[in-house]
Amino acid sequence: MNAPYRELDLARTGPGTPGGRFMRRFWMPVLRAEDLAKGEARPIRVMSEDFAVYRGHGGAAQVIDYRCPHRGALMHLGWVEDDDIRCVYHGWKFDCTGQCIEQPAEEAGFARKVRMRSYPTREFMGLVFAYFGEGGPPPFPPYPMPLAEGLIENQAPPLVPCNYLQCFENSMDEVHVAFVHRIGGSHQGIYDLPEIAAEETPWGMIRYGRRGNEERISLHYMPNCTRVIVPPMAGLDGAGGWRELYLAFTPVDDENNMWFITNLVGVTGEAVAPYQAARRKYLERQKAAGSSLDLAQAVMDGRVRFADIDHPDRVRVQDFAVQAGQGRIADRSNERLGRSDTAIILWRKILEREFRALENGTPPKTWVPAPAEVGPTLGF
Ligand code: FES
Ligand SMILES: [Fe+2]
């Protein structure tokens, strides 16, 4: 008999788990594009599996197996040659499909029998995406660009020490803003408590935060991306104004997730240069202030009071502390969900339904990319 969904492990994404099978049906952001130069290779960990990623001299990023099929050396130690990669240990060379094409110390004919896995890889809005599932990948891009004009900016992705789902759920939780982000005054304009409504769509979920006659709309793209309009960044002294933010939570493993934060900053023309100058100052202040994750840990440990958080990324520290503070994998069996958790409840029901379909061998829903004209609104 099927267990009730509260007991289902919604949060795990390792290979073979229900969540792992589900999440591997989608494109997953794995890296900020600017963090991988041509000719560079590095390791990545996604959904409890290790891989190597490199950027060929033709410019495309490639995701391949973590270890060489010869005797297991780490592939990211190797050399990128054109769009191929050569293992550092005995010089076997692989093309971007994973096919071995050279073995300097072996007999001719062996190479063609050796292949490693490679994974479809694409770029969009400054992020590298990979597909780790069976068969062909779904349509790309996985979500639409903003229609408004402005600068697309990707923040350096933090590695947050907890499961991805509690961070994703926080992004569906508009009520937390009135409490977590009250200190510091970063969210003026949305401190009134909203009434939350949510509905499933062909591409994920749409969420409404109603305050009187006003309605703030936020989008949740399957399987892990939230698109929302957020207040001007306090660390930037408000430069750039309200911004459209895409926040994708990629599971690194069950106890860590990477936040890919892509902003559309609504500045154009002559406003760009002063904005960039303000951003450079912010980045300097951010560097000088030290790790926001370390500060969040100090808050969780009781060494710094929540009320005393002082950092150019105060909002982020506040968020880390409440979300990672729920535990590395939040225990959902003892929660007491209320009306304000409507969107979270719906999302979990969708996940449960889809996991069950995969488990029972019935067809899961075919998710489609959202139409470009459906975007988030500020609501006032
Ligand atoms: S381990 Fe890679 S070539 Fe030998
Ligand atoms: Fe928050």
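My request concerns strand β19 (residues 256–265): why is strand β19 largely enclosed by the rest of the structure, and how many of its residues are buried?

Guide: The model under discussion is predicted. In strand β19, 8 of the 10 residues are buried, so the strand is largely enclosed by the rest of the structure. A residue counts as buried here if 20 or more other C-beta atoms lie within 10 Å of its own.

The partners of β19 may be taken in turn. Strand β18 (residues 243–253) runs antiparallel to β19 and is joined to it by 9 bridges. One point on this pairing is Thr250, whose bridge partner in β19 is Met258. With 2 residues between them, β18 and β19 form a hairpin. Strand β12 (residues 151–154) also pairs with β19 in the antiparallel sense, over 4 bridges. Within that pairing, Leu264 of β19 stands opposite Ile152. Strand β13 (residues 159–160) is likewise an antiparallel partner of β19, through 2 bridges. Here Val160 is placed opposite Asn257 of β19. As a general point, side chains in a regular strand alternate between the two faces of the sheet.

The core draws at least three residues from each of domain 1 (27–131) and domain 2 (151–360). For Val53, the residues touched, apart from those up to four places away in sequence, include Val30, Leu31, Ile44 and Val63.

The protein chain is divided into domain 1 (27–131) and domain 2 (151–360), and the C-alpha centres of the two domains lie 32 Å apart. Contact between them involves 11 residues of domain 1 and 11 residues of domain 2. On the side of domain 1 that touches domain 2, the elements giving two or more residues are β1 (27–32) and β2 (41–46). The largest share of that side, 4 residues, comes from β1.

Two further elements may be set beside this picture. Helix α4 (residues 272–289) has 18 residues and reaches 25 Å from its first C-alpha to its last, close to the 26 Å expected at 1.5 Å a residue. Just after α4, Gly290 adopts a positive phi of about 85°. Elsewhere, 4 strands form an open sheet in the order β5-β6-β7-β8, with antiparallel pairing. Its edge strands are β5 (79–81) and β8 (100–102), each of which pairs on one side only. Between strand β6 (residues 84–86) and strand β7 (residues 93–94), which run antiparallel, there are 2 bridges; the bridge partner of Ile85 in β7 is Phe94.

Finally, the chain as a whole. Its secondary structure comes to 7 helices and 19 strands. Buried residues make up 36% of the 380 residues. Among contacts between residues at least 6 apart in sequence, 58% join residues at least 24 apart. Along its principal axes, the C-alpha trace spans about 75 × 60 × 45 Å. The radius of gyration of the protein chain is 22 Å, which agrees with the value near 21 Å that a compact globule of 380 residues would have.

Note on methods: Residues are numbered from 1 along each chain as its sequence is written. Chains are lettered from A and ligands numbered from 1 in the order in which they are written. This is a predicted model: local features need pLDDT of at least 70, side-chain atom pairs count only at pLDDT 80 or more; totals for chains, interfaces and linings use all residues. A residue is buried if 20 or more other C-beta atoms lie within 10 Å of its own, exposed if 12 or fewer, and partly exposed in between; C-beta atoms are placed from the backbone. Two strands pair if DSSP finds at least two bridges between them. The expected span of a helix is 1.5 Å times one less than its number of residues. Domain bounds come from an automatic or database domain assignment. Two residues are in contact if their C-beta atoms, placed from the backbone, lie within 7 Å. The radius of gyration is taken over C-alpha atoms; the globule rule is 2.2 Å times the number of residues to the power 0.38.
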